[in-house]
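Here is a walk through one structure.

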Amino acid sequence: MKTKDIGVAYLVEKFAFFMLLVSTLIIVVPVILITIIIIQNGIGGLTWEFLTENPRLGMRAGGIFPAIIGTIYLVLGTMLFALPVGILAAIYLSEYAKDNWLTRLIDMTIVNLAGVPSVVYGLFGLGLFVTFLQFGASILAGSLTLGIMSLPVIITASREAIGSVPQSFREASLALGATQWQTVRRVVLPNALPGIITGTILALSRAAGETAPILFTVAAFYLPRLPQTIFDQCMALPYHLYVISTQVPNIKPEIQYGTALVLIMMVMVMNVTAVLIRAQFRKRKQW
Amino acid sequence: MVNAHTQPSVKITIQNLSVYYDASQVLRHINCEIYQNEILGIIGPANSGKTSLLRTLNRLNDRVPAFRMEGSLMIDGVDVYKKIAVHSLRKRVGMIFALPVPLPLSIYDNIAYGPRLHGVRGRKRLNELVEDGLRSAFLWDEVKDRLELPAMKLSGGQQQRLCIARTLAVGPEIILYDEPCSGLDPISTAKVEEAMIRLKKDYTQILVTNNTKQSARVSDRTAFFLQGELIEIGDTEKLFTVPQDKRTEDYISGRFG
């Protein structure tokens, strides 16, 4: 009886281990395949000309420079808007807000905002920024739309980073006669900043790749010249990729895959930066 | 209770103080006075309200949403909860925690943290305050050559004296110690106690301790708390030799607690 029990437990253990391994591989395999396929098909298209020139012949030749620049503008615009608002909201929620119905409602709103489909953000941006506030389809409207989409992630990551600063640090500071704001600025924020930056970069890399929110708010099919002000439209990599994959017949695949490759490289550079900042901070962290 | 031949001036007056966290009452109608320049030891088993009293004194309990108090608490006759802004109160009433809490800064910046909060800017003045603080806490000789070292690299006992130095640097009148030696070895403990005794001439100190012997060694007077009540307060020597209350006697002789 006893040996049989051990035998069953052993088999169950083996099976569980196998299923866990399979599940993990199911996550990893697509990532590797996507990377390999895109690199294989796109690397041939990656030339200096491709990165620095305007599209020509109805996108069938030339480069994707305006789309790269447009995406960079949009990421910067998103950051300028979402980072300060996100950090300040996170500070308010974790350090100042009392635990009452209003705070709980805000909490719930943030969680729900994170679940809103990105195309809905696009429609919202069209309604509020483009039409109602009359920004038109513009970098400003697109950045604000992407910013609002990024806020829940930035706020959640910032609150987590702020929450991981030990309470004892706050009490030590307060016990020396610091006001709450002094404590936030001198103790909490410096120690939470790496976590906040990491979370923000991840949110921005998400925003960089989004198509739906910029579809109605900023993205242009084709522009002969670069945007001059924040009220201009711009091209953007994800939308450009969509256009050349669906709207332009007889296009060379290395242009499509090359564009995808540039986009995922930008996103990966951002993600790796986030990981490096986090690793660097963990190494230096003394608590 | 008070020595007949001395007339100590009262620094802190506690009147009919009760403290609650939500429905549970942790301090019950406490009445006592704490004198200028004395060390008052507070002893008692766990959950007797010792730490709650300290955190009510410097209003750290304000951070606890469930906290509620009745009665009054005065420093130099001024009501702590009604007449003093909380951060200026805490500047006057320093606190040393059970576990040393060096901030993740250098030794120098830890000590300079408080003065900088309160507007001290000049490097020369800061240097003075850092040196004075560290000297008063008997840490100067051990760290004077490595002030830029992260404070967390110091040993536990050094960290606790760093915290004392940091508290002294903001110029408090009262220092609260919440079981300051609970994590320290006997030698470090002796150094902290030595610092406390030398600080008597300038500060009023309240020492909450789980170690009755520490109170006997260091404090002028001792108060015994049990389940939120102040059972007995008096000269340390008297309280430890001829306790007035049976429960005090049981506790200090180790029959419970």
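The expected span of a helix is 1.5 Å times one less than its number of residues. Helices (H or I, at least four residues) and strands (E, at least two) are DSSP runs, numbered from the N terminus. This is a predicted model, in which local features need pLDDT of at least 70 and side-chain atom pairs count only at pLDDT 80 or more, while totals for chains, interfaces and linings use all residues. Residues are numbered from 1 along each chain as its sequence is written, and chains are lettered from A and ligands numbered from 1 in the order in which they are written.

Chain A contains 11 helices and two strands. Read from the N terminus, its elements follow the order α-α-β-β-α-α-α-α-α-α-α-α-α. The C-alpha trace of chain A spans about 65 × 65 × 35 Å along its principal axes. Among its 287 residues, 40% are buried (20 or more other C-beta atoms, placed from the backbone, lie within 10 Å of a residue's own).

In chain B, helix H4 covers residues 123-136. Its 14 residues should span 20 Å at 1.5 Å a residue, and this agrees with the 20 Å between its end C-alpha atoms. Which residues of H4(B) are buried? They are Leu129(B), Val130(B), Gly133(B), Leu134(B) and Ser136(B). These residues lie on the same side of H4(B), because they cover an arc of only 165 degrees around the axis (the arc of the directions from the helix axis to the C-beta atoms). An α-helix has 3.6 residues a turn, so residues three or four places apart point the same way. After H4(B) comes Phe138(B), with a positive phi near 55 degrees.

Definitions and conventions. Buried ≥ 20, exposed ≤ 12 C-beta atoms within 10 Å, placed from the backbone.
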